Amino acid sequence: MRHTTNSNSRWYGGAAALCIVTLIASACTPLRLREPVRLDEAAWTTDLGATSRSRAVDAPAVFPLRQAWRYNASAGFGPGSALAADGLVIVSTRKGDVHAIEAETGRRKGIRKVVEVAEGAPVLTSNYLYVPSAWGGHVVNAYDLVRGRSQWKIKGAPVKASLLLEDGRLVIADVEGVVRAVNQETGEEFWRWEPEAPVTVAAAPVLISERTVAVAFTSGEVRTFDLYDGSMGWAQTLSAPVYNTAALLGESLLVPTTRGTLVELDIKTGAKGWTHDFGDPLTRVASPAANEAGVLVGGTDGTLRRLDPATGTELWRFETEGNISSAPLVVGNVLFVGTMSRMLFALDLATGSELWAEKLKGRVKSAPTVYKDRLIVLSEPQYVYAFDLTPEDVLATEDEPAPENDLTVEGTDAQ
């Protein structure tokens, strides 16, 4: 293991990558907002809504939901969620494009090619959008939203995992297992850790305390790092690989594996607590959602389970025809989950009974997002859906078709 501090990163200024037309959407021009993005309590600025990755929000839901709009992004998505703030839904695709969509209408506000391949979700701040790349020379692009150009880019191994931003430090974990924290304003490295043996990171880092970040490796090892100096904390090795992102619940980190288990780790010591076994070692467990009501987790066996957070004991299960690869989302007393068989379900959190279901035009592999009164769902191979969580407040009647934007504008780098 090699660990360095206060080293200089290689960062590059460059062409603007994201295009959002703020007044009219008839052309693709470099993004330059008149003022910083307004971030309120409803803003969804990072993958899964929070650095804890707990995937639980407090919002009402009235059934049946109504589709508000559907947008064609012309490419698939990674496992991360869409972002949303200041009236915009922001989605990155595996073509490397970033789409800005008007949250109310579903109309395109802009599109621009940012990186080669966007697998992990970006991070949004008032001034910047940070986008990781799973391919190509530049693996993170920081775009200045107010000045209208790329602020910095950094090179290295591809980054498939979503990013983590806390207190001015952007934590990046790449496919060669390198974990580093860089200055969000300049891209300069604060610290870097490199593994002794080949390993990769596919899951997003999780903030488990004010200054501690947990990173899960595909080898099954989970390590913690000090956010400020990169010093090592505890390390724990599981008996199975980890590809999906863990969730924080109180003093526990809930880690899904590719061998049919969800493992509880103590965030202070890394000690193993309970393990929930899906009963089939071929089941790949999805990222869980967690709050005081329970732990909600699906798997490629097609089951969604609610577990007792204290013991890991199953409280109920919901079985589907298609496997579950995406993280579920708790919205108040309701659980939303999508499947690879193109279904979107709403379940009663207390009982697991089905409240509502909708067949989509594609499979669901990405985590949902809630922005104000909208549920945002990414559906491969190309669609972004918005559903009204309180449809009685919508003026359109049930006989009116849902507005749809199936137009695509090819993004290009600004010179």
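Leu48 is buried, at a relative accessible area of 7%. Buried means under 20% relative accessible area, exposed over 50%, and partly exposed in between (1.4 Å probe, protein chains only). The model is predicted: local features need pLDDT of at least 70, side-chain atom pairs count only at pLDDT 80 or more, and totals for chains, interfaces and linings use all residues. Residues are numbered from 1 along each chain as its sequence is written, and side-chain values use heavy atoms, with hydrogens and water left out.

Leu48 is not a glycine, yet its phi is positive, about 65 degrees. The residue sits in the loop between strand 2 (11-14) and strand 3. Strands (E, at least two residues) and helices (H or I, at least four) are DSSP runs, numbered from the N terminus.

## Asp86: a positive phi, partly exposed

Asp86 also has a positive phi, about 55 degrees, and is not a glycine. Its relative accessible area is 29%, so Asp86 counts as partly exposed. Its place is the loop between strand 5 (83-85) and strand 6 (88-92).

## Cis peptide bonds

Phe63 and Pro64 are joined by a cis peptide bond, with omega near 0 degrees. Pro64 belongs to the loop between strand 3 (56-57) and strand 4 (66-72).

The peptide bond from Glu380 to Pro381 is cis as well. Omega there is about 15 degrees. Pro381 falls in the loop between strand 34 (374-379) and strand 35 (383-388).
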